[in-house]
Amino acid sequence: MRLALKTGSYSLMHFLVAIAVTFAITQDWRAALAVGLIEPAVQTVAYFFHDRFWSRLEAREAALAQASADR
């Protein structure tokens, strides 16, 4: 549940940043909204898998450390 909330809040923040940056560059609200809708959606999915990868890596390292400690 925490991962879903974290991903959702990241998505909202990214959406707002993407719109603001695109508008600052183009001065066009339509372009800003288009980029703001597409880019964060793709980035949110990428972030989800990125976070899962690192969680699994950390779990694997913890298991290896525990196995070494048990010897």
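I began with A32, which is buried, its relative accessible area being 0%. The model I am reading is a predicted one. I located A32 in helix α2, which covers residues 29–70.

I then listed what A32 touches. Leaving aside residues up to four places away in sequence, A32 is in contact with I19, T22 and F23.

**T22**

I went next to T22, one of the residues that A32 touches. T22 sits in helix α1, residues 2–26. With residues up to four places away in sequence not counted, T22 touches Q27, A31, A32 and V35.

**Aromatic pairs**

How many aromatic pairs does the structure hold? I noted four. One of them joins F23 and W29, and this pair is stacked, at 4.0 Å centre to centre with 20° between the planes. F23 had already come up in my notes as a contact of A32.

I also looked up F48 and F49. Their ring centres are 5.3 Å apart and their planes stand at 80°, so I recorded the pair as edge-to-face, for which the planes must be over 60 degrees apart.

Are F48 and F49 buried, partly exposed or exposed? I have F48 down as partly exposed, at 29% relative accessibility. F49 is exposed, with a relative accessible area of 52%.

**Whole chain**

I turned last to the protein chain as a whole. Its secondary structure amounts to two helices and zero strands. The radius of gyration is 18 Å, whereas the globule rule gives 11 Å for 71 residues; the value is well over the rule, so the chain is more spread out than a compact globule. Along the principal axes, I noted that the C-alpha trace spans about 65 × 25 × 15 Å.

I checked burial for the chain and found that 15% of the 71 residues are buried. The accessible surface comes to about 5,600 Å², and carbon and sulfur atoms hold 69% of it.

For contacts with a separation of 6 or more, I noted that 53% are between residues 24 or more positions apart.

I have 7 positive and 6 negative side chains for the protein chain, and the centres of the two sets are 5 Å apart.

Technical notes:
Residues numbered from 1 in each chain as written. Predicted model: local features only at pLDDT ≥ 70, side-chain atom pairs only at ≥ 80, totals over all residues. Heavy atoms only, no water. Helix = DSSP H or I, 4+ residues; strand = E, 2+ residues; numbered from the N terminus. Rg over C-alpha atoms; globule rule 2.2 N^0.38 Å. Buried < 20%, exposed > 50% of the residue type's maximum accessible area, 1.4 Å probe, protein only. Contact = heavy atoms within 4.5 Å. Areas by Shrake-Rupley, 256 points an atom, 1.4 Å probe, with all protein chains shown as cover. Lys, Arg positive; Asp, Glu negative; His and termini not counted. Charge placed at Lys NZ, Arg CZ, Asp CG, Glu CD. Phe/Tyr/Trp six-rings, centres within 6.5 Å; stacked < 30°, edge-to-face > 60°.
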